Amino acid sequence: GISLLLTPTLLLSLTTDIRLDGVSIHMARACGTVLLTVAFYGYYAMASDADAEKEALVHSRVMGSGLLLVGMVYAQTHYKEWNLVNIQICFVGCAAWALPNLFYYLTSPTCPKSSPGGYDFFLNVDFLFTFLFGALFFAFPQWLLRYQIAIRPNGVSVHVTRAFGALMVGSSVVSSAATGFTDQTKKVVFMSRIIGALPLIGVVVFGQVLGHFTNLHIFVGVCGAGAWVANSLLGILIMNYSASIYSSNPPATAAAMRTAANPNTIGGAGMTMRAGGGGGGGGIHGDDLSLLSEGGPMGDHGGAPRPQQQPQHGLRPVASNPMIRTHEGSALVQRGLRVPEGGVRF
């Protein structure tokens, strides 16, 4: 990526037999900016312990290098500007880049992804934007160049433009897969897009200054690369904002939420039974109630059965001397427990 960005003329002159024009050199630099994006995320993915992030990198390289190989075969067979060195260096190098990733893609099982987090809207926008424009550059390079350059496109400029589109499509795969990554990895994906888009703005402005392009080129180029940067920055800022809100206002615990939802409780012997059941904490669950037969060592009268009380206000007493165990089984509750006529539903 750095070589294409800084010395595109040297690399293209080895594989072509014509004098290079400014359009071909400009598009080669644009390819270098996309490779910077892929390299930045690739470095993070290889250092990460998450298999899903490595899998996304493999899918990206298989897609991008596969399309690039198709474009190279088409250029070698249809454009006379390319020589055999293009096959020896570019074609073989791209194949060596694609085949190991393809082998891993075919032999490795699909890795489970992390739980989604943060705002995935900006990742989806990045994926759609990158994929659609990459597909346009790959499928219709001559049509796109016709309205943006002041000279007639040749086989070199058309093929390098198609290569730019292939790399964009491959890069979009990472944005699509990142919707299932952690927030930290999503920020890395956004940062990789910014690292590639900022140099692209400089390349577009530099190409416009040289006079090889029309005014439409700088409008489309600056707006497109600027949209990449703006979308990525918004994604990072909103995720940071949501993380700060979460840390300052942590969510309520499940027990507190159940208490708020069921304020009517029945107390006894220092513990609480919620009529809603539902488990958790020290609450009494329906499946933990144990009603023993009348009479026993826990009676109020030295083992004698506790007398029944008359129902009051629609309540009836339970059997004498009931023993009700808590969820932990650490305490016994007896005496004085009144339930509705229909019973308590747990």
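How many nonpolar, polar and charged residues does the lining of the second largest pocket have, by class? The legend to view A answers this for the predicted model.

View A. The lining has 15 nonpolar, five polar and no charged residues. The space in this pocket is about 300 Å³. It is lined by 20 residues, and Phe-137, Phe-164, Leu-200, Val-220 and Gly-221 are the closest to the centre. Two or more lining residues come from each of helix 3, helix 6 (121–139), helix 7 (141–146), helix 8, helix 9 (183–210) and helix 10 (215–248). Helix 10 has the largest share, six residues.

**View B. The largest pocket, with about 600 Å³ of space.** Its lining comprises 23 residues; Leu-4, Leu-35, Leu-68, Met-72 and Cys-90 lie nearest the centre. At least two lining residues each are supplied by helix 1 (2–6), helix 2 (8–15), helix 3, helix 4, helix 5 (84–107) and helix 8 (155–177). Helix 5 gives the most, six residues. By class, the lining is made up of 17 nonpolar, six polar and no charged residues.

**View C. Helix 3, residues 22–47.** The end C-alpha atoms of helix 3 are 38 Å apart, which agrees with the 38 Å that its 26 residues should span at 1.5 Å a residue. Of these 26 residues, 20 are buried, so helix 3 is largely enclosed by the rest of the structure.

**View D. Ser-48, in the loop between helix 3 and helix 4 (51–78).** Ser-48 has a relative accessible area of 14%; buried means under 20%, so Ser-48 counts as buried. Leaving out residues up to four places away in sequence, Ser-48 touches Glu-53 and Lys-54.

Definitions and conventions: Residues numbered from 1 in each chain as written. Predicted model: local features only at pLDDT ≥ 70, side-chain atom pairs only at ≥ 80, totals over all residues. Heavy atoms only, no water. Helix = DSSP H or I, 4+ residues; strand = E, 2+ residues; numbered from the N terminus. Expected span 1.5 Å × (residues − 1). Buried < 20%, exposed > 50% of the residue type's maximum accessible area, 1.4 Å probe, protein only. Contact = heavy atoms within 4.5 Å. 1 Å grid on protein atoms, 1.4 Å probe; cavity = no way out; pocket = protein on both sides within 12 Å on 5 of 7 lines; lining within 4 Å. Points joined across faces, edges and corners; volume = space filled by probe spheres on them. Nonpolar A, V, L, I, M, F, W, Y, C, P; charged D, E, K, R; others polar.
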